[in-house]
Amino acid sequence: MSDLTPQSETPTPTTDKITQAARETIYLCNFRVSVDGEWLCLRELNDISLTPDPEPAHEDPKDPITIERLNLMNMAKLSIKGLIESALNLGRTLDSDYAPLQQFFVVMEHCLKHGLKTKKTFLGQNKSFWGALELVEKLTPEAGEITASVKDLPGLKTPLGRGRAWLRLALMQKKLSDYMKTIINRKDLLSEFYEPNALMMEEEGAVIAGLLVGLNVIDANLCMKGEDLDSQVGVIDFSMYLKDGGHSSKSAEGDGQITAILDQKNYVEELNRHLSASVNNLQAKVDALEKSNTKLTEELAVANNRIITLQEDVERVKEESSFQLESNRKALRSDSADGPALGETRKQLKEETLLRLDVEKELEVQIGMKQEMELSMKMLEKDVCEKQDALAELRQQLDDMRLINQQLSHKSQSADSSSKQKSDAVARLEDKISQMSSTIRQLENSEKHLVKQARNLNSAAGKLLQLKQ
């Protein structure tokens with residue numbers, strides 16, 4: 001990309017610095033990135049007239065650093081707009097594998113890397129935007145939780161990986177726009193990390209921070225424990241934003257159908273997992289209820305045995321009381337003059353009566369407990385029946401979902417095969433076009449050769465005519 005950066009004839013420290021910055025970036029300095037509706041347009045600077053944007057008057061519109069800032073700002077606009085629209089159309093929480101979200105993080109990473117100062121260490125030169133992001137913790141205390149979480153994440157060994165993790169956590173908190181505005185407003189602190197003409201030090205940084213407010217409408221759930229953020233290569237995929245004239249509306253429609261089918265398949269699989277988990281939970285509850293039912297049945301049998309025993313004791317006490325009462329009456333008739341014996345008999349009678357009353361009360365308590373246990377058993381049996389019906393219904397729904405999943409899989413396979421056939425047809429057409437182009441070139445060469453021969457013949461005929469004259 002060295003030929004994309006304009007160089008002066010006499011190298012100076014400023015031009016060497018600009019040349020090095022241009023070689024370290026992937027952005028096209030001889031082109032300007034502009035937004036045409038929902039698409040990205042690249043126009044060569046030599047073919048268009050650059051009208052001055054709201055930029056400082058002393059800046060050269062063809063300066064590579066200025067062009068890089070404008071290109072990055074336009075790329076950020078497209079990335080944020082595409083992410084919001086696709087997320088709203090998708091209608092679910094975004095994860096780490098979502099392509100527009102990955103491209104957004106790549107664009108933000110390049111924006112934060114633009115114009116970074118090189119710091120010399122014992123291991124060599126180092127350029128990282130993690131130091132600038134750590135300023136947020138000092139300016140906004142509530143950002144300390146993100147910084148602490150990033151430092152506690154296992155597997156992050158480089159400042160670049162920590163910076164990438166910080167961006168993801170800030171997006172999940174929906175605070176990325178606020179944090180970016182906080183550090184951009186303190187250019188006196190940013191000057192320690194960035195060059196004066198860096199994107200974060202100019203108006204483009206404030207524009208990007210304002211655009212980030214729109215990301216608060218989306219929800220993201222990003223898992224970073226198993227993700228290698230240190231060694232990822234951040235390359236912007238321009239194919240997501242450039243117009244492709246070779247694609248027809250049918251292929252776009254087919255891609256949309258494939259995407260819709262895949263989304264439906266993912267939704268059905270997720271619903272299938274939820275139903276399986278619900279079935280497992282209900283099965284566990286049914287098992288627990290069966291165990292509780294068995295236990296209550298055993299306790300009810302023990303209570304019945306206890307009640308029978310108590311009833312036998314009551315009958316025996318009644319018989320003993322009646323026998324004792326009869327014997328006391330006989331003794332009273334035979335020995336009416338014996339006063340102390342009569343008092344003793346009366347005392348025994350009272351004791352037997354009290355014992356009988358206690359036994360009757362305990363019997364009533366046991367009968368009440370038996371009735372309560374029978375009512376509990378009926379309620380448990382009703383609950384078990386309801387759970388079994390719900391379990392059968394969920395199993396039916398699970399079978400229906402599996403059938404729908406199979407149908408969607410077949411549709412996806414058929415869509416993939418049709419897409420592959422279209423790709424093969426496009427490849428064959430391109431081969432035919434290349435063959436026709438080579439044939440046309442051969443015909444042009446033969447035509448030139450025939451014209452040359454005709455001219456030679458004409459000159460020879462003229463010479464012969466002159467000789468004859």
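Student: Is K174 buried, exposed or partly exposed, and what is its relative accessible area?
Tutor: K174 is partly exposed, at 31% relative accessible area; the label covers values between buried (under 20%) and exposed (over 50%), with a 1.4 Å probe and protein chains only. This is a predicted model, where local features need pLDDT of at least 70, side-chain atom pairs count only at pLDDT 80 or more, and totals for chains, interfaces and linings use all residues. Residues are numbered from 1 along each chain as its sequence is written, and side-chain values use heavy atoms, leaving out hydrogens and water.

Student: Which side chain meets that of K174 in a salt bridge?
Tutor: That of D219, at 2.8 Å, N to O. A salt bridge here is a side-chain nitrogen of Lys or Arg within 4 Å of a carboxyl oxygen of Asp or Glu.

Student: What parts does the pair tie together?
Tutor: D219 lies in the loop between helix 9 (203-211) and helix 10 (249-334), and K174 in the loop between helix 6 and helix 7, so the pair ties together parts 45 residues apart in sequence. Helices are DSSP runs (H or I, at least four residues), numbered from the N terminus.

Student: Changing topic, how many salt bridges does the structure hold?
Tutor: The structure holds 10. One of them joins the side chains of K113 and E109, at 2.9 Å, N to O.

Student: Where do K113 and E109 lie?
Tutor: Both lie in helix 3 (residues 99-113), four residues apart, about one turn of the helix. E109 is buried, at 5% relative accessible area, whereas K113 is partly exposed, at 31%.

Technical notes
Helix = DSSP H or I, 4+ residues; strand = E, 2+ residues; numbered from the N terminus.
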